[in-house]
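Hello,

Here is the structure I promised to pass on. Have a look at it first, and then read on for what turned up in the helix packing.

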Amino acid sequence: MSQAGGMEPISARIPGDLYLWLAQLRVDGASTNSDKLRVLLGQLKRQHDGALDYAAAHAWARELTGQLRESLVVLEGQGETHSEVLGAILDFTTAALAAIVSQAPKDASQAARLEDTLVRRSFALCETLLRQALTASAAAHDREVIRRHVAATVEIATSLPLKKGA
């Protein structure tokens, strides 16, 4: 066995469809299949070890949604609509996933901080969506998407007793 940091050759047989997928996969910092495997295995190890800090986890989550983001940019570039709604949901999902993946609370206090972060971000998304409901039509691919889904949330929100000073 070589020292840490040394390279070890491996050989594996993989199905043709996985090989084609790997060959076409874009991985930052990797051009060959060997480079791609090194980068992907490194990411998997860091994820498994719980070693992804928030920034690394955020970059990883953006990678996961990269194909969707690129597709939306192409649509927008072709003169299709831009969706603030979908953008907000993607940003929320990326940040929430990064917060979840980068945490392994060791006590109730750390779990409470993670919970606070996720609840704060969830309500920020809710506020963003509710702002879209204030206009005649949402800044979305489907201009009616917010109006179709907002009624129950508004009903619940208007029924909440608020404490003075809150």
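Helices α4 and α5 run roughly antiparallel to each other, because their axes cross at roughly 160° and angles over 145 degrees count as roughly antiparallel. Please keep in mind that this is a predicted model. Helix α4 covers residues 66–77, and its axis comes within 12 Å of that of α5. The crossing of this pair is left-handed. On the α4 side, Leu-68, Arg-69 and Leu-72 make the contact, meeting Leu-86, Leu-90, Asp-91 and Thr-94 in α5. By class, that contact has four nonpolar, one polar and two charged residues.

Helix α5 (residues 84–101) also packs against α3 (residues 54–64), at an angle of about 135° and with the axes 8 Å apart. That angle makes α3 oblique to α5. Here the crossing is right-handed. From α3, the residues in contact are Tyr-54, Ala-57, His-58, Trp-60, Ala-61, Arg-62 and Leu-64. Their partners in α5 are Asp-91, Thr-94, Ala-95, Leu-97, Ala-98, Ala-99 and Val-101. This contact divides into 10 nonpolar, two polar and two charged residues. Asp-91 and Thr-94 of α5 meet residues of α3, and they also meet residues of α4.

A word on confidence, before you zoom in. The chain has a mean pLDDT of 88, with 92% of its residues at 70 or more. Where pLDDT is low, the predicted coordinates should not be read in detail.

Best wishes

Conventions: Residues are numbered from 1 along each chain as its sequence is written. This is a predicted model: local features need pLDDT of at least 70, side-chain atom pairs count only at pLDDT 80 or more; totals for chains, interfaces and linings use all residues. Side-chain values use heavy atoms; hydrogens and water are left out. Axes are lines fitted to C-alpha atoms, for helices over the stretch in contact, and angles run from 0 to 180 degrees between N-to-C directions. Helices (H or I, at least four residues) and strands (E, at least two) are DSSP runs, numbered from the N terminus. Angles under 35 degrees count as roughly parallel, over 145 as roughly antiparallel, 65 to 115 as roughly perpendicular and the rest as oblique. A crossing is left-handed if the near helix is turned anticlockwise from the far one by less than a right angle, and right-handed if clockwise. Contact means heavy atoms within 4.5 Å. Ala, Val, Leu, Ile, Met, Phe, Trp, Tyr, Cys and Pro count as nonpolar, Asp, Glu, Lys and Arg as charged, and the others, Gly among them, as polar. pLDDT is the predictor's confidence in each residue, from 0 to 100.
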